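Work through the two exercises below with the sequence and the 3D structure open beside you, and compare each step with its solution.

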Amino acid sequence: MEETLEILRRYWGYASLRPLQGEAIECVLQKRDSVVVLPTGGGKSLCFQIPALQRPGLAIVISPLISLMKDQVDTLVDCGVEAACVNSTSSADDRRRIAADARSGKLKLLYLSPERLMSDRMIEFLQSIPLSFVAIDEAHCISDWGHDFRPEYRMLGKLKELFAGVSLHAFTATATPRVREDIARELKLLEPRILVGSFDRPNLVYRVQRRSDRFQQILDVIKRHPNDSGIIYCIRRLDVDEISAALVREGYSALPYHAGMSDYDRTRNQDAFLNDRTKIIVATVAFGMGIDKSDVRYVIHSGAPKSIEHYQQESGRGGRDGLESECWLFFSTIDFQTWKKLQSDLPPEAYAIALKMLEGIERFCSGARCRHRSLVEYFGQDFEPENCQACDACLAELDVVAEPLILAQKILSSIVRQGEKFGGDYTVNVLMGSSEQRILTNGHDKLTTYGLLREHDKKHVREWVEQLVAQGFIERRGEFNVLGVTPAGRRLLKGELQPRLLKPQEKPKQSAADRISWEGVDKGLFETLRGWRKEVATAREVPPFVVFSDATLRELARTRPSSAGGLLKVQGIGEHKRDEYGDDLLAQIATYCQTHKLPFDVGLDARPATPPRERNPAATTGLSPSEAKRHAFQLFAQGKPIDFVIEQVARAPSTVWEYLNEFIVANTICEPAPWVDEPTFERIRTAARSVGKEKLKPIFETLGGTIDYGLIKVSVNCLNNAPPEGDPQPS
Ligand code: ADP
């Protein structure tokens with residue numbers, strides 16, 4: 001493990017491993033077959049790239065797409081690792097050089113597509129040199145239950161026979177157990193270790209809204225990200241063309257991507273997106289696999305996806321660098337009908353599965369529960385935090401209706417009185433007291449429910465009808481989707497069951513992940529470094545994220561190192577990158593800081609000079625003090641509540657409160673949420689105004705001993721970080 005950490009630090013500039021990376025690397029080192037399931041951005045690549053440097057011989061990496069291989073190889077070479085790929089674009093000279101390097105043992109990783117690997121010549125060559133192991137990336141492509149089945153992956157079933165004694169390691173982000181089993185069976189793995197990570201992506205902020213004015217809703221998101229990369233998913237090609245054209249008319253740099261375009265156009269547009277020549281890609285589901293661009297800051301679904309599995313994959317393309325990314329889903333009931341139609345020619349069994357999946361995403365869209373919890377539980381895992389701080393439900397952007405039962409009873413009772421023969425819009429119109437001719441002709445203006453919800457916003461009433469459908473109190477029946485009351489709905493009418501109804505707020509709030517990851521970052525310097533990165537990347541003909549991730553640039557703009565030693569303390573800068581870019585970076589930072597009179601080396605001294613020993617931050621025991629603190633800092637940066645952090649790092653609460661205080665000071669955090677709630681903070685602030693904040697005891701006493709010292713200390717540290725208030729302080 002010492003060696004693993006040393007390689008991680010030296011080549012990649014990271015100080016600790018992410019959950020399960022240690023175990024996955026261990027499998028490769030012990031030559032034990034494995035299937036590793038980690039969510040997108042979980043760090044699968046390092047699980048085979050690091051042991052490739054530790055073990056003698058050449059590691060083969062199977063990858064389905066040339067673009068994916070190219071980016072990974074560029075990233076490795078930029079970190080100082082000997083890696084190459086052979087594909088249809090490689091010249092004869094390239095191939096000769098690669099073969100020579102592989103033979104001499106200089107080359108450590110070779111990326112190949114399955115069909116190239118299984119060609120007779122390649123097999124013969126690989127059988128003639130020592131191999132360390134074979135890693136199979138995007139391994140779900142082998143399963144026809146996966147969403148990206150590729151017949152050529154099936155050829156990999158022969159690997160065990162062809163390369164006896166060479167261990168196989170499969171990697172995927174696809175969550176279903178069925179796919180996992182398929183992978184192990186098809187590859188003929190021998191007693192594989194199956195490692196499954198948490199499917200939660202705490203840095204993604206999920207928001208789901210009913211579609212009203214589609215283009216405006218999309219624009220509202222994009223306007224908050226003027227310089228960021230984003231993906232907009234659409235159900236149909238027509239929508240892709242319409243939205244991308246409309247964005248271009250509005251002056252945005254946007255390009256379309258769908259299966260109706262030529263291969264050439266698609267590749268060109270995808271490359272433009274990866275290389276930051278265009279900021280926005282508008283696409284159907286055809287766009288996705290192989291997009292390992294790490295700095296996608298928002299993913300918008302302009303229509304509902306066809307399953308939760310798809311939603312997780314597609315939204316998962318945001319925030320691979322671990323920084324916040326917004327995931328917006330704008331849906332309408334029509335979307336589910338559209339998917340039904342689009343999939344209606346599937347064989348009956350597959351169609352039945354598709355309908356089940358569609359029901360899952362429909363419930364998710366209309367649901368009122370924490371989105372992170374809903375997604376994680378859908379995949380059969382537990383979700384611990386009470387409040388994720390990163391979805392519309394937990395950020396309280398969706399107001400819970402005060403008396404949901406009465407409201408729901410009014411809606412259901414109108415449906416019953418209308419004879420259960422009308423659809424959602426009609427029902428809402430009756431409840432709003434509309435004088436639509438159809439209602440008057442049917443005499444429904446005489447119903448006791450007519451105009452009963454007149455005082456509410458019509459959009460909200462429509463939303464409640466859908467929420468009641470999603471919660472199983474109302475169902476759609478027959479060809480015309482008329483609304484009917486279910487047995488659960490009848491019990492609700494009798495007051496035996498309670499619904500949960502929400503009304504959406506208009507303005508999104510800032511998530512904890514968003515707030516914290518920008519804390520202390522000088523945005524001007526960040527933009528300067530981003531401009532510099534673009535120039536370097538263009539000159540080297542690689543995508544900018546290959547040079548440095550946004551996470552590294554933000555940390556540079558937060559800590560502003562003044563020396564090569566300081567650069568090495570920044571996550572994502574290893575020795576090779578320091579040598580390659582260090583002088584340039586230091587010059588950029590120095591010029592900016594001198595012009596703007598900013599201090600250098602902020603918080604860098606607090607960083608441990610030597611990396612921690614233990615590699616698995618998910619482990620709840622066995623962390624050394626510095627590892628525990630580092631892990632706690634990571635969790636605080638994700639906005640995790642204190643109880644959750646105490647449990648994760650297995651330290652005494654008083655120790656973890658101290659970690660939190662250090663974290664707040666080191667990152668100049670001014671807002672104590674989620675660790676101190678708003679009213680408590682307000683009380684502490686008021687007390688501090690009257691008795692000063694030099695000592696905690698007077699505050700504690702002013703508050704009558706009702707608030708813990710821990711909460712007071714955290715709040716006071718935040719107050720100390722905040723700009724001085726206009727209010728006079730007591731002398
Ligand atoms: P995946 O293939 O699972 O989607 P990647 O391997 O592309 O994820 O990793 C996502 C990002 O996280 C990359 O920028 C990678 O460099 C970074 N990363 C991976 N492991 C670590 C680590 N231990 N510490 C910090 N960053 C990491």
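**Exercise 1.** Determine in which sense strands β1 and β6 pair, and over how many bridges.

*Solution.* Strand β1 (residues 34-37) and strand β6 (residues 167-172) pair in the parallel sense over 4 bridges, where pairing requires at least two bridges found by DSSP, and strands are DSSP runs of E with at least two residues, helices runs of H or I with at least four, numbered from the N terminus. Within this pair, Val 36 faces Phe 171 of β6.

The model is predicted, and local features need pLDDT of at least 70, side-chain atom pairs pLDDT 80 or more, whereas totals for chains, interfaces and linings use all residues. Residues are numbered from 1 along each chain as its sequence is written, and side-chain values use heavy atoms, without hydrogens and water.

**Exercise 2.** Describe how helices α23 and α25 are oriented to each other, and state which residues meet.

*Solution.* First, the axes (lines fitted to C-alpha atoms over the stretch in contact, with angles from 0 to 180 degrees between N-to-C directions) of α23 (residues 523-540) and α25 (residues 550-559) come within 9 Å and cross at roughly 135 degrees. The two helices are therefore oblique to each other, a class left over once angles under 35 degrees (roughly parallel), over 145 (roughly antiparallel) and 65 to 115 (roughly perpendicular) are set aside. Finally, with contact meaning heavy atoms within 4.5 Å, Leu 525, Phe 526, Leu 529, Arg 530 and Arg 533 in α23 meet Asp 550, Leu 553, Arg 554, Leu 556 and Ala 557 in α25.
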